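Me: I am new to this structure. Please take one part of it and go through that part closely.

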Amino acid sequence: MKFSRKQQIAFSIIVFLIWLATACASRGIHPGAINKADSDLYDTLLVAQAALNQAKVDFASGKIPASAKDEINVAIRAYNVAQASWKTWRSGVSKDYTQLEKDIAALTREVAKVIRLRGDK
């Protein structure tokens, strides 16, 4: 059976997310974390930051087309919002976990879009 490039990318993203969920579930809480949710959110931010840093490198080297600059910037802004939301929640200034969940979900969507930009160059 032959899979389209889009199907291959979707499959790769799903495998990565399953791996990430398994890796996070199999280890304990980060030192200094308030609780498991805090530790998992920290992991999510670390993975997103690594993906965005790689996207910047790929963009600079031409592996991602110049037309994708706006999409990368949207993802970076989503990261900044999610990180600020996490810091606010973690500090106790806000107990609004629902907003934090929305910001993390938005970050995840935007990072997935950036990961798909690279394609198979």
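What covers the buried residues of helix 3?

Reply: The cover includes helix 2 (36-60) and helix 4 (97-117). Some ground rules come before the details. This is a predicted model, where local features need pLDDT of at least 70 and side-chain atom pairs count only at pLDDT 80 or more, while totals for chains, interfaces and linings use all residues. Residues are numbered from 1 along each chain as its sequence is written, and side-chain values use heavy atoms, with hydrogens and water left out.

Start with the whole. The protein has 4 helices and 0 strands. Both are DSSP runs numbered from the N terminus: helices are H or I with at least four residues, strands are E with at least two. Along the sequence the pattern reads α-α-α-α. Of the 121 residues, 27% are buried. Buried means under 20% relative accessible area, exposed means over 50%, and partly exposed lies in between (1.4 Å probe, protein chains only).

Now helix 3. This helix runs over residues 69-91, which makes 23 residues. At 1.5 Å a residue it should span 33 Å, and its end C-alpha atoms are 33 Å apart, so the two agree. The expected span is 1.5 Å times one less than the number of residues. Just after the helix, Gly92 takes a positive phi of about 90°.

Which residues of helix 3 are buried? They are Ile72, Ala75, Ala78, Tyr79, Ala82, Ser85, Trp86 and Trp89. An α-helix has 3.6 residues a turn, so residues three or four places apart point the same way.

Next, the core. The largest nonpolar core has 21 residues, and Leu45, Leu107 and Val114 touch the most other members. Such a core is a set of buried Ala, Val, Leu, Ile, Met, Phe, Trp, Tyr and Cys residues joined through side-chain atoms within 4.5 Å. Helix 2, helix 3 and helix 4 each supply at least two residues of this core. Helix 3 gives the largest share, 7 residues.

Leu45 touches residues including Tyr79, Ala82, Gln83 and Trp86, not counting residues up to four places away in sequence. Contact here means heavy atoms within 4.5 Å.

Trp86 has another partner. The structure holds 2 aromatic pairs. Tyr42 and Trp86 form a tilted one, 6.0 Å centre to centre with 40° between the planes. Tyr42 lies in helix 2 and Trp86 in helix 3, so the pair ties together parts 44 residues apart in sequence. Rings of Phe, Tyr and Trp (its six-membered ring) pair if their centres lie within 6.5 Å; planes under 30 degrees apart are stacked, over 60 edge-to-face, the rest tilted. Trp86 counts as buried at 10% relative accessibility, whereas Tyr42, at 34%, counts as partly exposed.
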